[in-house]
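Biologist: Please show me the model, and then I will ask about its surface and its overall form.

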Amino acid sequence: MDIQTITDKINYKTARVKKLQAEIKALETKKTQLENEEIINAVNEANIPIGELKNLLTSLKERNSEI
């Protein structure tokens, strides 16, 4: 193998890694969006007023830390 062949392989694989990293970032963003939608849907289904949501979550957190 000569230097140019190795350089070409390095460049090709570097480009693939960058593409895969971009795909991973896009998938992580989509996952976060879906998790947020799931949370919003659960709150809406439970008919929890937004003003009470923080108090409810705080009390649940405190209760779980006591266990």
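This is a predicted model: local features need pLDDT of at least 70, side-chain atom pairs count only at pLDDT 80 or more; totals for chains, interfaces and linings use all residues.

Biologist: What percentage of the residues count as buried?

Modeller: To count as buried, a residue must have under 20% relative accessible area. Among the 67 residues of the protein chain, the share is 3%.

Biologist: What is the radius of gyration of the protein chain?

Modeller: The C-alpha atoms fill a box of roughly 65 × 30 × 15 Å along the principal axes. A compact globule of 67 residues would come out near 11 Å, but the protein chain has a radius of gyration of 23 Å.

Biologist: What distance separates the end C-alpha atoms of α1?

Modeller: The secondary structure comes to 2 helices and 0 strands. α1 has 43 residues, and at 1.5 Å a residue they should span 63 Å. The end C-alpha atoms agree with this, being apart by 63 Å.

Biologist: Is Met-1 buried or exposed?

Modeller: Met-1 lies in the segment before α1. With Ile-6 and Ile-10, Met-1 forms a nonpolar surface patch of about 340 Å² of accessible area together. The cut-off for exposed is over 50%. Met-1 has 76% relative accessibility, so Met-1 counts as exposed.

Biologist: How far apart in space are Leu-56 and Ile-10, C-alpha to C-alpha?

Modeller: Leu-56 sits in helix α2, residues 50-66, and is partly exposed at 33% relative accessible area. Leu-56 and Ile-10 are 46 residues apart in sequence. In space, their C-alpha separation is 54 Å.

How values were computed:
Residues are numbered from 1 along each chain as its sequence is written. Side-chain values use heavy atoms; hydrogens and water are left out. Helices (H or I, at least four residues) and strands (E, at least two) are DSSP runs, numbered from the N terminus. Buried means under 20% relative accessible area, exposed over 50%, partly exposed in between (1.4 Å probe, protein chains only). Patches are made of residues with over 30% relative accessible area and no salt bridge: like charges are joined within 9 Å, nonpolar side chains (Val, Leu, Ile, Met, Phe, Trp, Tyr) within 5 Å. Accessible areas come from the Shrake-Rupley method with a 1.4 Å probe; for residues, only the protein chains shown count as cover. A salt bridge is a side-chain nitrogen of Lys or Arg within 4 Å of a carboxyl oxygen of Asp or Glu. The expected span of a helix is 1.5 Å times one less than its number of residues. The radius of gyration is taken over C-alpha atoms; the globule rule is 2.2 Å times the number of residues to the power 0.38.
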